[in-house]
Amino acid sequence: MSETSHTSNRCYRHPDRETFVKCQRCGRPICGECQTLAPVGVHCPECVREARGSTASNARPLGRRFANAVRPSGGRPIVTYTVIALCLVIYAIQFLTGGDNSPVTTLFWYAPIQTASQPWRMLTSIFLHESPLHVLLNMYSLFLAGPALESMLGRVRYLALFLIAGFGGSVGVLLIGSPQTAVLGASGAIFGLFGAYFLIARRLGGNATQFLVVIVLNLVIGFVPGFGIAWQAHVGGLVSGLAIALVYLETRARNRRTAQILLIVAIAALLLAATYIKLAFF
């Protein structure tokens with residue numbers, strides 16, 4: 001059992017303080033006083049001292065490195081790295097089999113007109129991309145936001161956030177886009193991550209200005225003619241991510257885990273209901 005199992009959402013150095021942030025290296029919960037900003041996420045005092053006293057991270061015992069890699073929450077951002085690898089591999093297949101005309105692209109991208117007959121496209125499209133620049137920019141954005149957020153939330157909650165925000169992006173295209181609007185890419189899900197990180201960081205007293213700037217700039221660019229950006233997916237993903245982050249923040253206590261699960265299921269159900277209503281009555 002890992003050492004974080006008993007501390008839950010309490011700072012390991014100040015048990016009277018509740019926190020939603022974990023050390024990026026060891027995964028222990030840490031309050032604002034104990035946090036030291038790192039290139040990605042934050043570190044606890046012990047990991048800061050260890051880093052300063054070691055010439056290389058590989059000097060840590062192999063057993064400890066392995067434990068950090070497989071820990072259910074905290075440790076290495078396995079979900080983020082898996083999604084990045086999956087998107088890169090899928091794009092390589094797209095590129096090698098015809099790009100826009102690739103069977104992979106034509107089978108799994110999304111347009112609202114396909115919703116009734118092929119609803120799975122609302123999720124599969126978030127793993128496709130249309131150009132090397134498109135996939136690289138999206139994966140770089142995911143690399144910036146994903147590891148810190150995955151460390152804060154844990155892998156299951158983080159994966160739920162990514163998938164539901166991605167689905168919310170497709171719902172946004174369905175509700176406010178053209179029926180023939182063809183979309184693909186992870187930007188809706190990434191906007192959900194940005195929105196969630198911004199809300200969580202602000203609530204916990206952290207500095208989220210850089211994410212607010214990124215969100216605003218990308219939303220504005222989406223409305224500029226000629227860029228070919230589906231701003232509807234950005235809006236849908238952002239709203240979904242903010243809603244999920246609000247649920248996570250308000251149900252942090254261990255005795256509210258059931259409420260948290262039910263509320264997240266309710267958000268997904270609401271998106272499904274919006275999809276059904278759009279198809280049935282418009």
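Is F95 buried or exposed? F95 counts as exposed, at 54% relative accessibility. Bear in mind that this is a predicted model.

**Aromatic pairs**

F95 has a ring partner, Y91, and the two make a tilted aromatic pair, with 6.2 Å centre to centre and 40 degrees between the planes. Y91 and F95 are separated by about one helical turn, because they sit four residues apart in helix α3 (residues 78-96).

F127 lies in the loop between α5 (121-124) and α6 (132-153), while F162 belongs to helix α7, so the pair ties together parts that are 35 residues apart in sequence. Both F127 and F162 are buried.

Here are the two pairs side by side:

| Pair | Centre to centre | Angle between planes |
|---|---|---|
| Y91 and F95 | 6.2 Å | 40 degrees |

**Helix α7 and its neighbours**

Take α6 and α7 to begin with: their axes come within 7 Å and cross at roughly 135 degrees. The two helices are therefore oblique to each other, and α6 passes α7 in a right-handed crossing. On the α6 side, the contact uses L142, G146, L149, E150 and L153, which meet R155, R157, Y158, L161 and F162 in α7. Sorted by class, that contact has six nonpolar, one polar and three charged residues.

Now turn to α8. Helix α7 (residues 155-176) packs against helix α8 (residues 187-203) at an angle of about 125 degrees, and their axes are 7 Å apart. That angle makes α7 oblique to α8. Here, too, the crossing is right-handed, with α7 passing α8. From α7 come Y158, L161, F162, A165 and G166, and from α8 come G188, A189, G192, L193 and A196. By class, this contact of α7 with α8 has seven nonpolar, three polar and no charged residues.

Y158, L161 and F162 turn up in the α7 contact with α6 and again in the α7 contact with α8.

A182 itself has its place in the loop between α7 and α8. The C-alpha atoms of A182 and Y110 are separated by 5.6 Å, though the two residues are 72 residues apart along the chain. A182 is partly exposed, with a relative accessible area of 40%.

**T275 in α11**

T275 is found in helix α11 (residues 257-281). At 9% relative accessibility, T275 counts as buried. Leaving aside neighbours within four places in sequence, T275 is in contact with T115, M122, F167, V171 and L174. Among these partners, F167, V171 and L174 fall within the residue range of α7, 155-176. M122 falls within the range of α5, 121-124.

Conventions
Residues are numbered from 1 along each chain as its sequence is written. This is a predicted model: local features need pLDDT of at least 70, side-chain atom pairs count only at pLDDT 80 or more; totals for chains, interfaces and linings use all residues. Side-chain values use heavy atoms; hydrogens and water are left out. Axes are lines fitted to C-alpha atoms, for helices over the stretch in contact, and angles run from 0 to 180 degrees between N-to-C directions. Angles under 35 degrees count as roughly parallel, over 145 as roughly antiparallel, 65 to 115 as roughly perpendicular and the rest as oblique. A crossing is left-handed if the near helix is turned anticlockwise from the far one by less than a right angle, and right-handed if clockwise. Contact means heavy atoms within 4.5 Å. Ala, Val, Leu, Ile, Met, Phe, Trp, Tyr, Cys and Pro count as nonpolar, Asp, Glu, Lys and Arg as charged, and the others, Gly among them, as polar. Buried means under 20% relative accessible area, exposed over 50%, partly exposed in between (1.4 Å probe, protein chains only). Rings of Phe, Tyr and Trp (its six-membered ring) pair if their centres lie within 6.5 Å; planes under 30 degrees apart count as stacked, over 60 as edge-to-face and the rest as tilted.
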